[in-house]
Structure formats: C-alpha cells, structure tokens
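Please open the structure in a viewer and keep the sequence at hand.

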Amino acid sequence: MSYRRFGSILNLRTNTIISNVKVLSSVSPLYYSTGLEVLPRKLKRDERKPMVTSVNELKRIARLDKQERRVAREVPLRPPENGLLNKELIPLAHQVLASRGLLFACVSRISEDIPIYFCSVCSEVHVGHPPHKIRTCDVSGSQKNKEHTWQRGGVEHVLPVVESFHLYDRLGRAVSHNERLEVDCIPALVELCIQAGVDLPEYPTRRRKFPIYRVAGKLIDFEKRFPKDDLSGKDLETSKFRETIKKPDGDGKYLNLPYDDIKGFAMRGMEAWESMRTGVIQLMQTYAVQTCGYCPEVQVGPKGHRVRQCQAFKHQMRDGQHAWQEATIDDLLSTVYVWHVRNPHAGHLLIDSLKRYYGKLPAVVELFSQAGAQVGDDYYCMMREDVAVPGPDEEKLVV
C-alpha cells in the first residue's frame, strides 16, 4: 500500500470519527450511549412537523392514483378503505377505550397526593414538589430571568385532551367551515375507537354492510339501503351530543384497590398507559389520522376538515386552512415531557446550572414513577439515570 493511499484512508477515518463525535455532542453533552432516545425537538414558528411519509413517496403515490383514474376499471378496496370495519381490530379498539378510562382514574387519584404544577405563561409542566428552577420560560410576557410562574395544575395538564370533529360517515365529505359549530368535537382517541368499531349511543355513526368500490378514481356505494341521494345524518341534532358526553370516571372505585394504595394505582396506571399507547399505534397503522403541519389540530379520518381556523405560520396563504399531513402518536395523545426527579422524597430542587445532567420523561410516566411504579426499559435512556449529577459547588469542576 502506497503512502498516499494510506494517508487518504487515515484522513477518511479521522473525519468520520470527528463527525460522529459532533453528532453525539449535539444530542447530549454527557450521554453517548447508542441507545439514546432523542426527545421531540421543539419546532420554531416557521418550521413544519416532520413528515411521516417522505414527499417523494407521496408524489409517487399521487402519480399512481392519477394513472388509475385514467383507466375506467373497478378497483377493489380492503377494509377500512371500502367502508367496512376491520373485524380483527374491534376488540383492540374496546381495549384502548377501556385503558383510557382506567388511566384517567389512576391519574386523578395520584394527583391528589403528588402535586402537579404548570406555568401560567408558557404552560411548562412539573410533577412533584417543589417545582424546578430551570429558566426555560422564554415566551412573550415571561420574567426577565426566564423563571416560570408556577400554579397548581391537574389531570388536564398531564393528559391534555386532543379533540377532533365527530364524523357520522368517515368516508363522507369533510366538515366545511360553515358546519364548524354544528358538528361537535370529541376526544380524538374516542373518535378513533368509534371509527375502529366501538359503538357508543351518544356518538352515532354509520356502519356499512356492503363495501364500496373505486371506479375511475371515484368511490361508488352500491349499498341498496342508502341510495345515491342519501342524506343520512342530515337531520341529526349533532349540537346535542355534547350534553351526553361522559367524562372519564376519576374515583377509581371499580379498580378494587384501597384508596390509600398509591403504588397500586401507579402500577395499574402504568399498565393502562402502555396498553393504550400500544393499541393506538396499531390502530393508526390501519385507520388514518391527520394533523396540521404547523398547529396541533387533529382530525381522525382519511382526510382533514375544511374549517379555516389555522393561525400558524403563513396561514394567510392557505386562507386559514390547515396544512394536513399524516399524524403520529404524539400528535394524537399530545405527550407532555417533564424534567425527571430521581429521588422525589429527598426534596432536591432542580436548578438551572445543572439542567444538562437531568433527564426527561412523559408527564404520566413521571407521575407514576414518583408514586412507586416501575418504569420500563424503553424510558431508561430518557431518564439518564447513569449520569452522575454533581453538586452545585462541583459543577465547575466537571471536565
């Protein structure tokens, strides 16, 4: 091997090592594990959410659909695209809805003993007492030192409810702007379970017995019970659905646990959280969920609504309409991440100078962790338990 070739190989390996070190140092100053799970980055005002499906793949699918529309032939569809339910996912939808009620009950009980704080300026959330002193409040109206203005919160700050328009026919036309006050908004997770096969009397929905077909790019419904001029659902008083909406039961009486068994509630709640997330991921692989690329708006169904209420970046160019794209589980559940407290019973205060040594967890997981539940291995990298936190007087000595 010549000296010139050896030198080029050596420079290539050196540059590769340096680039890898730069990437790791940009993720975390102290944690270089290959199993590090990066938290969702806070997007800037003019940034769009990452696309689940790449733009090139979306263009390829659009070209294929355009070619199919040119040929007048019948294209058979599979559930749920043909209007029928996927029977294999109906028990899973019931399980997800039951886990949601159990989760709210456990969080409501534990929040009575473990306080939940939220910032009245930037909506930062902290679990446990005392609240942290990390200066990350940098929005308009915050203090000069960027410290948070804490207030006592509740279940809605740990488990924020993302709403979606309830669709009587998931394959029907989208909700228009003039119908925004006539169609009720319900929790998006409940709407997903309804479209997946859960029947709730307070939320009527259309169930087809015969599939629909696609001919030359158009959906044709051959169901005899609903002719072409069908107006099913037009006379439904959707504005009255809100009166029958039931909130999750928070007393926890049906859990068969002593009221003072906080650890028991935490363990049951952790199981419900994992069961709900796993079920939602499986449902979203079959039943489409849309979200706006610039704001938190979510619509369960194959397409988004047409309500012009988006106030995000360059909404004037879209006439207030949302920039719809495929949603993720964090968009549907609106996961809130909080700073992780390693020893909640010690009463240690999280300070700003040591914030790079602290880990983060979803607020629900942090609440159950402080109540005594065992955290799964999936959250171990986020907790950063293997990073030694120096004392306030030792931080300057760390190399």
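Select β2 and β3 first: the two strands form a hairpin with five residues between them. Within the turn, Ser123 has a positive phi of about 65°. Strands here are DSSP runs of E with at least two residues, and helices are runs of H or I with at least four residues, both numbered from the N terminus. The model is a predicted one, in which local features need pLDDT of at least 70 and side-chain atom pairs count only at pLDDT 80 or more, whereas totals for chains, interfaces and linings use all residues. Residues are numbered from 1 along each chain as its sequence is written, and side-chain values use heavy atoms, with hydrogens and water left out.

**The sheet around β2**

Strand β2 (residues 116-119) runs antiparallel to β3 and is joined to it by three bridges; two strands count as paired if DSSP finds at least two bridges between them. Ile116, for instance, has Val127 in β3 as its bridge partner.

Are the faces of β2 covered or open? Both are covered: Ile116 and Phe118 on one side, and Tyr117 and Cys119 on the other, are all buried. Buried means under 20% relative accessible area, exposed over 50%, and partly exposed in between (1.4 Å probe, protein chains only).

**Helix α5**

Centre the view on Gln195, which belongs to α5 (residues 188-195). Gln195 is buried, with a relative accessible area of 3%. Its side chain makes a polar contact of 3.2 Å with the side chain of Arg170, and another of 2.7 Å joins the side chains of Gln195 and Glu191. A polar contact is a pair of N or O atoms within 3.5 Å; within protein, one must be able to donate a hydrogen and the other to accept it, and residues adjacent in sequence count only if both atoms are side-chain atoms. Following α5 is Gly197, whose phi is positive, near 130°.

**Salt bridges**

How many salt bridges does a search of the whole structure find? The search finds eleven, a salt bridge being a side-chain nitrogen of Lys or Arg within 4 Å of a carboxyl oxygen of Asp or Glu.

Select Arg173 and Glu179, which form one with the closest N and O atoms 2.8 Å apart. Arg173 is exposed at 63% relative accessible area, whereas Glu179 is buried at 18%.

Proceed to Arg308 and Asp319, where the closest N and O atoms of the salt bridge are 3.9 Å apart. Both residues lie in the loop between β10 (298-300) and β11 (324-326), so the pair ties together parts that are eleven residues apart in sequence. Arg308 is partly exposed, with a relative accessible area of 36%, and Asp319 counts as exposed at 52%.

The side chains of Asp113 and Arg109 meet at 3.6 Å, N to O. Asp113 is partly exposed, with a relative accessible area of 45%, while Arg109 counts as buried at 4% relative accessibility.
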